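Let's take a walk through this structure together, beginning with a pocket and moving on from there. Have a look first.

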Amino acid sequence: MRRAIYPGSFDPITNGHLDVIERARKLFDEVIVAVAHNDEKEALFSLEERLQLLKDSVGKIDKVRIAQFDGLLVEFAVAQKASAVIRGLRAVSDFEFEFQMALMNRKLETGVETIFLMPKEEYTYLSSRIIKEIARLGGDVSSFVPPAVSKALVRKFAG
Ligand code: ADP
């Protein structure tokens, strides 16, 4: 059983994340989409909301499981018997931070490999941050996020 963890804040999940999940599914028997809840304070959506939006968006996809974790990612990966961590790479700007994390995680746990996947070009400029910014200003984000997220953003910023 080849299992991978796809960790992130997913605040909220976007079509870029979906693209990465689809690619990871082709390589692994199971992909665990894992929401980190260390940085709860800065999130727009609560942990429960982020988990619900993930359930609504990817909950029914075969071979995909949703989980939450706190603490060290590599420890969670070992506990889940996962051999890989998936991260998405959009641009050079992602690289430095991701490179540092990947090498640190390798130092902490040699049995877990980090795999970088690149999304379809049209998603390379998408980030949860920019989606929140557009939605906050009243822009239409429905072509960038799953329908449940689009609705949740409208609700969040209404009034
Ligand atoms: P984090 O807070 O850990 O960066 P995110 O939820 O923002 O978490 O993203 C999780 C992972 O998904 C990261 O590896 C990030 O680079 C990747 N990612 C985010 N948006 C996209 C996108 N549009 N295309 C590809 N990968 C993405």
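The largest pocket has a lining of 40 residues, and P7, G8, S9, R87 and E98 are the ones nearest its centre. A pocket here is found on a 1 Å grid over the protein atoms alone: it is an open set of points where a 1.4 Å probe fits, with protein on both sides within 12 Å along at least five of seven lines, and lining residues have an atom within 4 Å of a point. This is a predicted model, in which local features need pLDDT of at least 70 and side-chain atom pairs count only at pLDDT 80 or more, while totals for chains, interfaces and linings use all residues. Residues are numbered from 1 along each chain as its sequence is written, and side-chain values use heavy atoms, with hydrogens and water left out.

So how much space lies in that pocket? About 1,100 Å³, a volume being the space filled by probe spheres set on the grid points, which are joined across faces, edges and corners. The largest share, six residues, comes from α4. Helices (H or I, at least four residues) and strands (E, at least two) are DSSP runs, numbered from the N terminus.

What takes up this space? The ligand sits in the largest pocket, meaning that more than half of its atoms lie within 2 Å of the pocket's grid points. Around the ligand are 16 residues, with Y6, S9, F10, G88 and Y123 coming nearest; a residue is near if one of its heavy atoms lies within 4 Å.

Now zoom in on the polar contacts, pairs of N or O atoms within 3.5 Å. A backbone N or O atom of G88 is 2.7 Å from a ligand oxygen, and a polar backbone atom of F10 is 2.9 Å from a ligand oxygen. H17 uses its side chain instead, with a polar atom 3.3 Å from an oxygen of the ligand. On its own the ligand exposes 550 Å², and the protein buries 85% of that, going by Shrake-Rupley accessible areas with a 1.4 Å probe.

Most residues other than glycine have a negative phi, and most peptide bonds are trans. D11 and P12, however, are joined by a cis peptide bond, with omega about 0 degrees; P12 is in the loop between β1 and α1. K63 is not a glycine, yet its phi is positive, about 70 degrees, and you'll find K63 in the loop between α2 (47-58) and β3 (64-69).

Notes: A polar contact is a pair of N or O atoms within 3.5 Å; within protein, one must be able to donate a hydrogen and the other to accept it, and residues adjacent in sequence count only if both atoms are side-chain atoms.
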